[in-house]
Amino acid sequence: MATFLAGGTDNLLFVTDSYKVTHHYQYPPNTTKVYSYFESRGGKFPKVCFFGLQYILKRWLAGPVVTKEKIQEAKELYKLHFGNDYFNEKGWTYIAEHHNGYLPIRIKAVPEGSVVPYKNVLFTVENTDPECYWLTNYLETLLVQAWYPMTVATNSRYQKEIIAKYLDETADNLDGLPFKLHDFGFRGTSSMESAGIGGMSHLVNFMGTDTIAGILTAKHYYGCPIAGFSIPAAEHSTITTWGKDGELEAFRNMLTQFPTGLVAVVSDSYDIWNACDKVWGEQLKDLVVSRGKNGTLVIRPDSGDPPEVVVKTLDILGSKFGTTTNTKGYKVLPPYVRIIQGDGISYETLSTILDNMKKHKWSADNVAFGSGGALLQRLDRDTQKCAYKCSFAEVNGKEVNVFKQPITDLGKKSKKGRLTLELHGNDYVTVVEGKGDPSKDQLCTVFENGKLVKEFTFDEVRKNAEIDLLKNKK
């Protein structure tokens, strides 16, 4: 399951920003400890679902990751890169010889899946060997990439809250929630590794995906045999190759090839209204109805204004197949027909679609959603303003509380000293300057001296990440 840097190498010594290669020269003389932390300084969502550090630790840091061959490889490249010999060959050789290539680093982190308000410490990093003070922030570039899985998991979780809210208001139960937001994002990611990490992060909250890389990553790094599921589904090419006049037969073929279970059919290749009214609602109605309890046709509109298209599609299908009224007073299609809206779905649009459904007395039970770029790709490090900063050091045997406080942007003010993350009642609080109570610290040691010492299963992550509405119903 290993992935590699462009160019074919898998050398940790290259997984850093160029300027960090020179930083061992820049600390005060007799520095023996550098302690840094990672946090979301703010951003789009008031809380973050912390996830993905374990992937980074197992993928890059666990085991004997420093060898003499990798040191030589790095020395040669950095000499060319800088035009000078700035590379810390002595420091890396020390790790290779005195630590057998294992990194003398301790990382403490909040349990994966935890939902923590921004502006709180999420993990800390410090060197365990005074000779390797420079290593803590050499690893910043890699460790900050925890922003991506964390932000995808957060984005996905907030969408789960929206869907759950409307299900709670308009449906008899929340049983279908785990499959209400399907990952369509594989092709829209920047790389296969991004697809694996992002796809896995969405699966913290849901169980529907077409991003195979995500289920493989969850299997390999979190021990989950199968984290996500999918169904047979048509794309435009498998419908339009039958020709416009062959749409009826294309649809019929889907029902006969997949006579039981769920099957999704994109239906807007030419005229979504005619497809729902005449083709599905009349010409193929008996075939659709005959599926009964043995299967469900999921009709997919894929263009137009989502709030309007979803309601109009439901109205047409309701007029053709009939509806029942649930205990909340909202209309529900027969169990053998549903729709999935897979175009234009994001955190920003979900509420408008579901609210329009509610206004027209349609239960949220009738629809599932698919999301692509907005789920896995339309995010960056500043979505949650993620940062990794040094807050403590030991220099000349003295403890130093380290911080920054830019006069031009106090939002970038960093925390001081050793940190603990504590629960005061139900609220997370970061206690600074070493004044916290270690017995109350929610951060646990997950990595020490090259070894993963605490591993979270995917089930544990999902349990930690569960939305309050479901926790309160259990």
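Where does K44 lie, in the loop between which two strands? K44 sits in the loop between strand 1 and strand 2 (47–49). The legends below describe a predicted model, in which local features need pLDDT of at least 70 and side-chain atom pairs count only at pLDDT 80 or more, while totals for chains, interfaces and linings use all residues. Residues are numbered from 1 along each chain as its sequence is written, and side-chain values use heavy atoms, with hydrogens and water left out.

**View 1**
Helices (H or I, at least four residues) and strands (E, at least two) are DSSP runs, numbered from the N terminus. K44 has a relative accessible area of 39% and is therefore partly exposed; buried means under 20%, exposed over 50% and partly exposed in between (1.4 Å probe, protein chains only). Beyond its neighbours within four places in sequence, K44 is in contact (heavy atoms within 4.5 Å) with Y347, E348, T383 and Q384. From K44 to P307 the C-alpha distance is 23 Å, with 263 residues separating the two in sequence.

**View 1. I353 within helix 14.**
I353 belongs to helix 14 (residues 347–359). This residue counts as buried because its relative accessibility is 0%. Leaving aside neighbours within four places in sequence, the contacts of I353 are P306, P307, V310, I345 and F369. T151 lies 202 residues from I353 along the chain, and the two C-alpha atoms are separated by 23 Å.

The strands follow the order 14-13-1-5-3-17-18 with antiparallel pairing; two strands pair if DSSP finds at least two bridges between them. Strand 14 (398–401) and strand 18 are the edge strands, each pairing on one side only. Strand 3 (residues 105–109) is joined to strand 5 (residues 121–127) by 5 bridges, in antiparallel fashion, and R106 stands opposite E126 of strand 5. Strand 3 also runs antiparallel to strand 17 (residues 444–448), through 4 bridges, and K108 has T445 of strand 17 as its bridge partner. Helix 6 lies across strand 1 (31–40), strand 5 and strand 13 (386–395), at about 25° to strand 1; axes are lines fitted to C-alpha atoms, for helices over the stretch in contact, and angles run from 0 to 180 degrees between N-to-C directions.

**View 2. The hairpin of strand 17 and strand 18.**
Strand 17 pairs with strand 18 (residues 451–452) in the antiparallel sense over 2 bridges. The bridge partner of E448 is K451 in strand 18. Between the strands of this hairpin are 2 residues, and N449 takes a positive phi near 50°.

**View 3. The largest nonpolar core.**
This core has 129 residues, and those with the most contacts inside it are L61, W92, I107, F123 and L143. Its largest share, 10 residues, comes from helix 6 (residues 147–170). A nonpolar core is a set of buried Ala, Val, Leu, Ile, Met, Phe, Trp, Tyr and Cys residues joined through side-chain atoms within 4.5 Å. Not counting residues up to four places away in sequence, L61 touches residues including L12, I56, L103, I107, F447 and G450.

**View 4. The covered helix 7.**
In helix 7 (residues 192–202), 9 of the 11 residues are buried. Among them are S194, I197, M200 and H202. The elements covering these buried residues include helix 1 (53–61), helix 6, strand 6 (181–183), helix 8 (212–222), helix 15 (373–376) and helix 16 (458–465).

The order is 6-12-11-8-7, with parallel pairing. Strand 6 and strand 7 (261–266) form the edges, each pairing on one side only. On average, neighbouring strands of this sheet are turned by 30° against each other, direction ignored. Strand 11 (residues 337–341) and strand 12 (residues 367–371) run parallel and are joined by 3 bridges; in strand 12, V367 is the bridge partner of I339.

For C390, the nearest cysteine sulfur is that of C132, 16 Å away. C276 has a relative accessible area of 0% and is therefore buried.

Methods. A disulfide is a pair of cysteine sulfur atoms within 2.5 Å.
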